[in-house]
Amino acid sequence: MSRLYLGIVLHNHQPVGNYGFVIEQLFNDAYEPMLAALERHEGIRIGLHNSGPLFDWIMANRPDYMERLRGLCERGQVEMLTGGYYEPVLPMIPDGDKAGQIRKLTGFIEEKFGQTPTGLWLTERVWEPGLPVPLAHAGVRWTLVDDAHFRMVGLPADALDGYYITEDQGERINLFSGSQRLRYTIPWLNVEDLIAELRHRADTNTREAPYIVLGDDGEKFGGWPTTRKHVWDEGWIERFFAAVEAEQDWLEMVTPGEYMRRHEARGLVYLPTASYAEMMEWAMPAQSSAEYHRVAAQLHESGREDVLQYVRGGFWRYFLAKYPEANAMHKRGLRIDRKLEQTDNASARDALWRAQCNCPYWHGVFGGLYLRNIRAATHANLVQAERLADEAAGHSGVRIEADDFDYDGQRELLMQSSDVSLMLHPEQGGMLSEFDLRRRDHAFIDVITRRREAYHEALLSGTAGQSTGDLTNIHGGVRLKHEGLAEDLAFDRHRRGGLQEWVLPSDEGIERFARSEAHALFEPDGAWSCETDCGEGGASVVMARASNGWSIEKRVEMPARGEQIAVTYKCVNVSNEHRSGRFVSEWNVSAPQAADGDDRIARLETDERSIDLHNERGVVRTDAIVVRGSAPWGMRCEIEGDVDVWHFPVHTVSSSEGGLERVAQGASVSFVRALDLAPGASMSMRLAWSVVE
């Protein structure tokens, strides 16, 4: 019998901004039990990667873990892996940030565990051919990708039993192949059957030193649905570790770094841009993703794995084209990077790195784009990083810059003082995508657009919730966490932002408007004319557009100092007939939250009422509102004119590892005024937003 080498690399990560109680639950269900199991089984050796945000939480909340992990490192059971400290998808950030983040985590590991890591956990296994240069320059010698990456270039499965060398511009990196078969069988397959499968592989192998590697999420071992009972309560890990230790005459556990030191590479390879199969499916446009899923399922069901191995989905970076909200965060990060090239600032740089945590930039079963707490943390770090960069550069007063900041081929306006930052889109309805309170690190406009996703097909067809009975793969069947989700589905016609104007017929009300079903005489789209003015006392932008017999002008004013802006509207009937309707100025808002506060709190306050913005829909007549969360301050809007305020929660039906769920993304707050205008007549309205303690 040949000797078979087995590698296990576990990856533990919690995103910047995740709830402390969630991390604590995962620590108790997955991270600590695995540590204890390793302490009990000295014959088990693994590679381990903990991300920086998780280490930050552990040091603050469970410091004894650090000493226990160091003990495992010292007795040779654990090989620590480095990575980007805040777990960025490396190809999405500049090379200087790649190197800086990797060196930060490497230095941390050297200090805390006495190891200098040579291997890197590749975030979401997102590989691009240009990575060898920045990785090698950061001291990385090897990383792990999926066997699917290798199959894309035609390598057969029996060739993926070691590691390969790749290079770019002469800089080398060694690549190990993570086994999809092990990912799908561990910890689900009966231990005896799993050992028999490994034994068969050893018996039939004809190559020297065959090595098979599992690279997987540590949360899978107790943190995923149903796994706590299976892995720990019913003892799967205990049986598996004991079985491996009992078979050491032919089965040897060895970490990738140790294997690399003892054995030669299989040869040279060049891999295409790729990630794991599910990620590449999620990255596609919704309709294409659904079609791809159907085709792949049909091939699998018909036993055509010979064809399926060459079928692949999309490209991770397409998430930035698929979701403008993710793209806006990413491009703001690039904007800040350019500022820091001129005047670097350590605090600003670290805030930017925290904002590069991958989770809010994509969405599938995992991914945090639809999680408002994860987005809020990313925005807070971006706001802080840009403020610190501007302060380091000595910026003061108010300024307006025009550029294609989000790389969509259209010009935007960045309007900033020391206190407030606005991003205006004159060619996309004159909307606001950024309204930041800079001294409070808060993005007031942060609400995800309700889009049709591939997994909505199951709801629309009535097949959601039909379990396959296969709990071994959370990427499989569509489960429902809440009742009535099909009725909750609504898809928006425009990206949700602020400063968005509608003219609705008089008989349209909040119910149809909230579901994006209202007929509109004027919508928040199209190109608006634009004039800017900037002086010592403040700045203003005036935008105007005429459509369908209506002309709307809006003037946005920002003082040089103060946490406030004002918007003045003029709506004119430019048709030849008397017209009536409803003028609507819509703002999609994120209530300000305390750092450790309950972000479920989102209230609209008037002199007489306090309304739950995340759960109530309605209409109030008032001349001032305050939007409050758990923070000790709020956003007040004073209104000039005879105005109703419409409000409704913006919920999405989105996917998670537990199934489809209803998630509050923020709230729509609209200022609505009746129109009854003769030809040439006009209506005026003024809104003044400011911080209130």
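View 1. Cys530 is in no disulfide, and the nearest cysteine sulfur, that of Cys534, is 13 Å away. Cys534 is likewise in no disulfide, with the sulfur of Cys530 as its nearest cysteine sulfur at 13 Å. This is a predicted model, in which local features need pLDDT of at least 70 and side-chain atom pairs count only at pLDDT 80 or more, while totals for chains, interfaces and linings use all residues.

**View 2. Accessibility of Cys530 and Cys534.** Cys530 has a relative accessible area of 23% and is partly exposed. Cys534 is also partly exposed, at 40%. Partly exposed lies between buried (under 20% relative accessible area) and exposed (over 50%), with a 1.4 Å probe and protein chains only. Side-chain values use heavy atoms, without hydrogens and water, and residues are numbered from 1 along each chain as its sequence is written.

View 3. Five strands form an open sheet in the order 15-20-27-26-23, paired antiparallel. Strand 15 (500-504) and strand 23 (618-621) are at the edges with a single partner strand each, so one side of each has no neighbour in the sheet. From one strand to the next the twist averages 30°; axes are lines fitted to C-alpha atoms, and angles run from 0 to 180 degrees between N-to-C directions. Strands are DSSP runs (E, at least two residues), numbered from the N terminus.

**View 4. Pairing of strands 20 and 27.** Strand 20 (residues 579-589) runs antiparallel to strand 27 (residues 659-677), and the pair has 11 bridges. Two strands pair if DSSP finds at least two bridges between them. Arg579 has Leu677 of strand 27 as its bridge partner.

Conventions
Helix = DSSP H or I, 4+ residues; strand = E, 2+ residues; numbered from the N terminus. Disulfide = S-S within 2.5 Å.
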